[in-house]
Amino acid sequence: MSHSSPSSSPEDSICIDLRNPYLAALLAWLCPGAGHLYQRRYGKGVLFMVCILSTYLFGFTIGGGHVVYASWIKNDRRWQYACQIGVGLPALPAIIQNKLERNPEKEPLANGIMAPPSRIDAKKMDELSLWHAQYGAMFEIGTLYTMVAGLLNIVVIFDAYGGPVILNYQVSGSRGPPGKSDE
Amino acid sequence: MNIYQHMTGEIPLLLGNVPQFIYLIPLMLVCSLVYGATRHELWGPIYQNSMRTLVWLVCFVGILFGVFLFSSWLV
């Protein structure tokens with residue numbers, strides 16, 4: 001499937017092989033930049049990997065490893081995780097930790113990294129309050145960084161699936177993206 | 001972090017205490033780079049688009065900052 005354009009931009013002569021766009025999108029979600037590496041778009045793949053993973057890891061580190069966790073119980077509805085999960089594999093252990101934390105017979109792994117806070121009680125000093133007191137503004141900034149990393153990766157997933165958004169270029173693959181078909 | 005830093009919003013960094021909005025700068029840089037790269041395939045246009053987006057972001061945040069600063073001055 002290809003698309004030609006009459007304009008004279010240097011990018012018009014580029015032919016992008018998206019290979020299998022579905023697999024590329026899945027890889028891009030699992031690891032930022034991996035979908036582009038699979039498509040042999042190495043420069044952009046490395047750029048996305050460095051930018052998104054470093055943003056995520058920086059936020060994760062300054063938040064003491066507690067800013068990414070999955071929880072949906074009373075007094076602790078962690079909606080931010082819906083954005084953080086966009087990073088893929090680096091955020092997925094939070095789901096396992098949530099299952100372990102909520103099971104009274106099991107302990108969270110790795111010293112509770114990515115585990116939800118225990119003993120949530122709005123009227124007492126619970127573990128979430130302790131994290132806020134301990135890390136102060138870093139907890140919020142770390143949460144912001146990890147959320148932005150996840151949201152940015154969603155844009156990257158679309159780029160891996162359908163190619164750059166606004167350009168005239170040639171696309172080939174087992175399935176071309178919507179709107180890039182021959183006119 | 002002591003109570004003064006907590007109240008003033010200053011965060012201890014490697015080179016001393018800095019205001020929190022310093023942390024916005026790398027975030028805006030990353031956002032503009034990734035956004036530009038999802039719109040172009042060559043490095044030249046990616047760089048140009050990223051710079052445009054970065055300037056736009058800085059202006060937008062700067063205007064917001066000015067509005068809030070002016071509001072706090074009024075109150």
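Student: Is Thr55(A) buried or exposed, and how many C-beta neighbours does Thr55(A) have inside 10 Å?

Tutor: A caution to begin with: this is a predicted model. Thr55(A) counts as buried, because it has 27 C-beta neighbours inside 10 Å and the cut-off for buried is 20 or more.

Start with its place. Thr55(A) sits in helix α3 of chain A. Leave out residues up to four places away in sequence, and Thr55(A) touches Tyr145(A), Val148(A), Ala149(A) and Val30(B). That list includes a residue of chain B, Val30(B). Take Tyr145(A) next. Thr55(A) and Tyr145(A) are 90 residues apart in sequence, yet their C-alpha atoms are 6.0 Å apart in space.

Now follow Tyr145(A) into its helix. Tyr145(A) belongs to α7(A) and takes part in the contact with α2(B). The axes of α7(A) and α2(B) are 10 Å apart, at an angle of about 5 degrees. The two helices are therefore roughly parallel to each other. On the α7(A) side the contact is made by Tyr145(A), Val148(A), Leu152(A), Val155(A) and Val156(A). On the α2(B) side it is made by Leu27(B), Cys31(B), Val34(B) and Tyr35(B). By class, the residues of this contact are 9 nonpolar, no polar and no charged.

Step back to the whole interface. Here 20 residues of chain B are in contact with 26 residues of chain A. On the chain B side, α2 (24–37) and α3 (43–74) each supply at least two residues. α2(B) gives the most, with 7 residues. The residues on this side of chain B divide into 13 nonpolar, 5 polar and 2 charged.

Next, the core. The largest nonpolar core has 43 residues, and Ala28(A), Ile52(A), Val156(A) and Val34(B) touch the most other members. From chain A, β1 (15–19), α1 (21–30), α3 (42–62), α4 (81–84) and α7 (137–162) each supply at least two residues, and so does α2 of chain B. The largest share comes from α7(A), with 11 residues. As a general point, nonpolar side chains tend to be buried together in soluble globular proteins.

Neighbours within four places in sequence aside, Val156(A) is in contact with Ala28(A), Pro32(A), Phe48(A), Ile52(A), Val34(B) and Thr38(B). Among these partners are residues of both chains, including Ala28(A) and Val34(B).

Pro21(A), Ala24(A), Ala25(A), Ala28(A) and Trp29(A) in α1(A) meet a set of residues in α7(A). That set is Asn153(A), Val156(A), Ile157(A), Ala160(A), Tyr161(A) and Gly162(A). By class, the residues of the contact of α1(A) with α7(A) are 9 nonpolar, 2 polar and no charged. The axes of α1(A) and α7(A) come within 8 Å and cross at roughly 160 degrees. That makes α1(A) roughly antiparallel to α7(A). The crossing of α1(A) past α7(A) is right-handed.

Chain A has 7 helices and 4 strands. From the N terminus on, its elements run β-α-α-α-β-β-α-α-α-α-β. Buried residues make up 41% of its 183 residues. Of the contacts in chain A with a separation of 6 or more, 63% join residues 24 or more positions apart.

Chain B has 3 helices and 2 strands. Its elements run α-β-β-α-α from the N terminus on. Of its 75 residues, 16% count as buried. Residues 24 or more positions apart account for 22% of the contacts in chain B with a separation of 6 or more.

Finally, two backbone details in chain A. Most residues other than glycine have a negative phi. Arg40(A) is not a glycine, but has a positive phi of about 65 degrees. Arg40(A) lies in the loop between α2 (34–38) and α3 of chain A. Arg40(A) is exposed, with 10 other C-beta atoms within 10 Å. Met114(A) is not a glycine either, and has a positive phi of about 70 degrees. Met114(A) is found in the loop between α5 (93–102) and α6 (127–135) of chain A. Met114(A) counts as buried, with 26 C-beta neighbours inside 10 Å.

Note on methods. Residues are numbered from 1 along each chain as its sequence is written. Chains are lettered from A and ligands numbered from 1 in the order in which they are written. This is a predicted model: local features need pLDDT of at least 70, side-chain atom pairs count only at pLDDT 80 or more; totals for chains, interfaces and linings use all residues. Two residues are in contact if their C-beta atoms, placed from the backbone, lie within 7 Å. Ala, Val, Leu, Ile, Met, Phe, Trp, Tyr, Cys and Pro count as nonpolar, Asp, Glu, Lys and Arg as charged, and the others, Gly among them, as polar. A nonpolar core is a set of buried Ala, Val, Leu, Ile, Met, Phe, Trp, Tyr and Cys residues joined through C-beta atoms within 7 Å. A residue is buried if 20 or more other C-beta atoms lie within 10 Å of its own, exposed if 12 or fewer, and partly exposed in between; C-beta atoms are placed from the backbone. Axes are lines fitted to C-alpha atoms, for helices over the stretch in contact, and angles run from 0 to 180 degrees between N-to-C directions. Angles under 35 degrees count as roughly parallel, over 145 as roughly antiparallel, 65 to 115 as roughly perpendicular and the rest as oblique. A crossing is left-handed if the near helix is turned anticlockwise from the far one by less than a right angle, and right-handed if clockwise.
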